[in-house]
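Q: How should the burial, packing and strand pairing of a protein model be read, one feature at a time?
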Amino acid sequence: MIAFSQLKLRAWREDDIAPMAEIEQQAYPYPWSASILRDCLEAGHWGWVASSRGEIAAYAVVQAVLDEAHLLNVCVAPAWQGQGIGRGMLHWVMQQCAAREMQRMLLEVRASNIPALGLYRALGFQQDGVRKGYYPASGGREDAVLMSRAL
Ligand SMILES: CC(C)(COP(=O)(O)OP(=O)(O)OC[C@H]1O[C@@H](n2cnc3c(N)ncnc32)[C@H](O)[C@@H]1OP(=O)(O)O)[C@@H](O)C(=O)NCCC(=O)NCCS
């Protein structure tokens with residue numbers, strides 16, 4: 001077990017893309033590719049990584065739109081899950097966004113993603129609505145749950 005406070009936090013950079021793309025493959029049924037990650041970095045979206053001895057344990061990507069922070073991705077590498085790192089990361093990201101004058105955080109999550117829904121509810125996100133059939137899924141489409149909270 002490791003406490004979130006023991007991880008090193010910093011803004012993301014180009015050499016994070018390859019290890020992040022590997023974690024995507026391990027953590028998601030529909031992972032982002034390296035080129036999606038690179039597009040986000042080059043577009044200037046905010047991103048942070050939390051690492052231990054050079055190994056990325058978690059990361060998050062946020063797109064600022066006016067005073068709203070859209071959480072595009074938050075991910076804990078499978079080997080690091082279930083230790084409070086997702087909670088610590090999201091809390092830290094919310095603090096970063098609040099410090100940059102963001103008023104709200106918005107996100108979309110697959111209706112079947114129970115761990116993520118649990119994390120967001122635990123951190124005070126409220127459900128704003130459902131986008132029917134938003135995501136591709138095995139055997140069809142899957143709903144997106146829209147959530148937000150004030151910062
Ligand atoms: C969602 C995710 C970020 C959670 O990270 P984590 O470090 O494992 O979560 P934490 O240990 O910090 O748990 C925080 C809270 O999340 C919820 N949670 C985490 N794992 C859960 C699980 N397997 N089932 C239900 N709730 C869960 C709980 O509310 C938990 O609080 P608690 O420990 O007090 O019960 C992680 O599972 C992950 O990276 N998943 C793959 C990527 C992903 O789906 N990202 C979200 C995209 S919208």
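A: Burial comes first: a residue is buried if 20 or more other C-beta atoms lie within 10 Å of its own, exposed if 12 or fewer, and partly exposed in between, with C-beta atoms placed from the backbone. The model is predicted, so local features need pLDDT of at least 70 and side-chain atom pairs count only at pLDDT 80 or more, whereas totals for chains, interfaces and linings use all residues. Residues are numbered from 1 along each chain as its sequence is written.

Q: Is Leu71 buried or exposed, and why?
A: Leu71 counts as buried because 22 C-beta neighbours lie inside 10 Å. Leu71 belongs to strand S4; helices (H or I, at least four residues) and strands (E, at least two) are DSSP runs, numbered from the N terminus.

Q: Which residues is Leu71 in contact with, leaving aside its neighbours within four places in sequence?
A: Two residues are in contact if their C-beta atoms, placed from the backbone, lie within 7 Å. By that criterion Leu71 contacts Ala60, Val62, Met105 and Leu107, when neighbours within four places in sequence are left aside. The C-alpha atoms of Leu71 and Met105 are separated by 6.8 Å, although these residues are 34 residues apart along the chain.

Q: Which residues of the largest nonpolar core touch the most other members?
A: A nonpolar core is a set of buried Ala, Val, Leu, Ile, Met, Phe, Trp, Tyr and Cys residues joined through C-beta atoms within 7 Å. The largest one holds 38 residues, of which Ala57, Ala58, Tyr59, Ala60, Val62, Val76 and Met89 touch the most other members. At least two residues of this core come from each of helix H1 (17-27), helix H2 (34-42), S2, S3, S4, H3, S5 and strand S7 (140-150). S3 gives the most, with 7 residues. As for Ala60, its contacts, not counting residues up to four places away in sequence, are Gly47, Trp48, Leu71, Asn73, Val74, Met89 and Val93.

Q: How many bridges join S2 to S3?
A: Two strands pair if DSSP finds at least two bridges between them. S2 and S3 run antiparallel and are joined by 7 bridges, with Gly47 opposite Val61 in S3. S3 and S4 also pair in the antiparallel sense, over 8 bridges, and here Ala60 stands opposite Val74 in S4.

Q: How does the span of H3 agree with its number of residues?
A: The expected span of a helix is 1.5 Å times one less than its number of residues. The 15 residues of H3 should therefore span 21 Å, and its end C-alpha atoms are 21 Å apart, in agreement.

Q: Which residues of H3 are buried, and what do they pack against?
A: An α-helix has 3.6 residues a turn, so residues three or four places apart point the same way. The buried residues of H3 are Ile85, Gly86, Gly88, Met89, Leu90, Val93, Met94 and Cys97. They pack against S2, S3, strand S4 (68-76), S5 and helix H4 (114-122). H3 is followed by Glu101, whose phi is positive, near 70 degrees; Glu101 counts as exposed because it has 11 C-beta neighbours inside 10 Å.

Q: Which residues are closest to the ligand?
A: A residue is near a molecule if its C-beta atom, placed from the backbone, lies within 6 Å of it. Here 20 residues surround the ligand, and the closest are Gln81, Gly86, Pro115, Gly118 and Leu119. S4, H3 and H4 each supply at least two residues of this shell, and H4 gives the most, with 6 residues.
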